[in-house]
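Here is a short report on one protein and its ligand. Look at the model first, then read on.

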Amino acid sequence: MQTLVTILGTRPEILKLWPLVDGLDRVTHHVLVHSGQHYSYDMDARFFDELGFRRPDIALDIGSASHGDQLSRLLSRVEPVLLARRPAAVLVQGDTNTTLGGALCAAKLGIPVVHLEAGGRSFDRRMPEEVNRVVVDHVATTWLAADEQAVANLDAEGIRGPSVHLVGSTAIDAVDRARTRLGASDIVGRLGLAPGRYLVVTAHRAGNTATDVLPGLLEALASLADTWPLVWPVHPRTAAAIEAQGLTMPARIRTLPPLGYLDTLALVADAAALLTDSGGLQEEAAVLGTPTLILRDETEWTYLLGYGGHQLIGATPASVAAGAARWLEPSALRAMRARPAPVRRGAADRAVEVIAALMR
Ligand code: UD1
């Protein structure tokens, strides 16, 4: 059996690789490497515990740092692992600094790179994730795309042929797997929330935590909290930005620490609507049927824009107010909820099949 090294390191990578790991363990000699980009219990170990995800074989402990420093630590710590293990391929997922470091290191050593979630594009190079995705796709040798748009994006950059596979998004499989266990979460009752009568917010993107956007976003959300109970599990990056910018979280907003996966899904499932800039949550809400207002001007998940349940509303006070006025009306919410999202199931199985064939 040939060796496959999978490199992960952040919350979204853990969640989106979870549905593949058992399959990969069966068809490859599978070495799981954790970069340590996310390291606190809330952002990392909790997910392994909760999901029954097996522990990584190797931990690199790169921790938090500037992007340059994070990348240099990744390169210098991944390289000896790849030299020692001599894998037939390296698998990376998504668009984080861990994804970039793992892919670049493998490519430099001439090791084939499989990129899960290839071809996603926001076309905004100010996003660190966009730079990461573009570079990773251009050093990868096998591309596992989530939707037709991603395949078209790759094609437009000259990446095409039999090594591009449309497999779907494994975030969908992850929700399906977890869904039967949502009853184990009592978060809605514990917080004293009435199902269907509250909003959930998450925001952590570099663009939305910047000094020219975050104050306005807080102001916009505070106004919304005048009419809706509004709960916000706050990402450490956002908490740090609020403090560094001398801002105060409006008292009407109910903040929570970062939540586990089941609590997150249960909270979103019962919300009237979700307001988010997270890529993963956009897909999770689609499976759960929760209307979603995206706090951005564009999204990589264009397949969710056409059906009506997901709307781009931006992150300025005026755009959030306009989005809320239009979409948080009872009739609009009912119409959004009534539309089934065009989600494609079975991505994890298809991805494992492609990797198994590659390793034969
Ligand atoms: C990273 C990804 C982003 C993904 C997000 C999900 C990149 C460029 N971005 O962003 O695409 O959506 O993860 O969470 O890789 N921190 C903690 N505990 C942790 C990890 C981080 O407190 O376990 C704090 C640190 O203060 C750190 C900050 O959060 O400086 C940001 O962490 P970092 O890993 O650099 O990026 P994220 O913003 O989490």
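Leu262 lies in helix H11, residues 261–269. Helices (H or I, at least four residues) and strands (E, at least two) are DSSP runs, numbered from the N terminus. The model is predicted: local features need pLDDT of at least 70, side-chain atom pairs count only at pLDDT 80 or more, and totals for chains, interfaces and linings use all residues. Residues are numbered from 1 along each chain as its sequence is written, and side-chain values use heavy atoms, with hydrogens and water left out.

Is Leu262 buried or exposed? Leu262 counts as buried because its relative accessibility is 9%. Buried means under 20% relative accessible area, exposed over 50%, partly exposed in between (1.4 Å probe, protein chains only). The C-alpha atoms of Leu262 and Ala184 are 7.8 Å apart, although 78 residues separate the two along the chain.

**The ligand**

Around the ligand there are 19 residues, and His38, Ser40, Glu129, His235 and Arg237 come nearest. Here, a residue is near if one of its heavy atoms lies within 4 Å. The table lists polar contacts, pairs of N or O atoms within 3.5 Å.

| Residue | Atom of the residue | Distance to a ligand oxygen atom |
|---|---|---|
| Gln37 | polar side-chain atom | 2.9 Å |
| Ser40 | polar side-chain atom | 2.8 Å |
| Asn97 | backbone N or O atom | 2.8 Å |

On its own, the ligand has 740 Å² of accessible area, and the protein covers 85% of that. Such areas come from the Shrake-Rupley method with a 1.4 Å probe. Helix H3 (67–85), helix H5 (128–139) and helix H10 (236–244) each give two or more residues to the shell around the ligand. By class, that shell has four nonpolar, 11 polar and four charged residues.

**The cavity and a pocket**

How many cavities of 30 Å³ or more does the structure hold? There is one. On a 1 Å grid over the protein atoms alone, a cavity is a set of points where a 1.4 Å probe fits but cannot get out; a pocket is an open set with protein on both sides within 12 Å along at least five of seven lines; lining residues have an atom within 4 Å of a point.

The largest cavity has a volume of about 40 Å³. Its lining includes Glu117, Arg121, Asp147 and Trp301. Strand E5 (113–118) and helix H6 (148–156) each give two or more residues to this lining.

The second largest pocket has a volume of about 430 Å³. Of its 17 lining residues, Asp124, Arg126, Gly207, Asn208 and Asp297 are the closest to its centre.

Methods:
A polar contact is a pair of N or O atoms within 3.5 Å; within protein, one must be able to donate a hydrogen and the other to accept it, and residues adjacent in sequence count only if both atoms are side-chain atoms. Ala, Val, Leu, Ile, Met, Phe, Trp, Tyr, Cys and Pro count as nonpolar, Asp, Glu, Lys and Arg as charged, and the others, Gly among them, as polar. Grid points are joined across faces, edges and corners, and a volume is the space filled by probe spheres set on the points.
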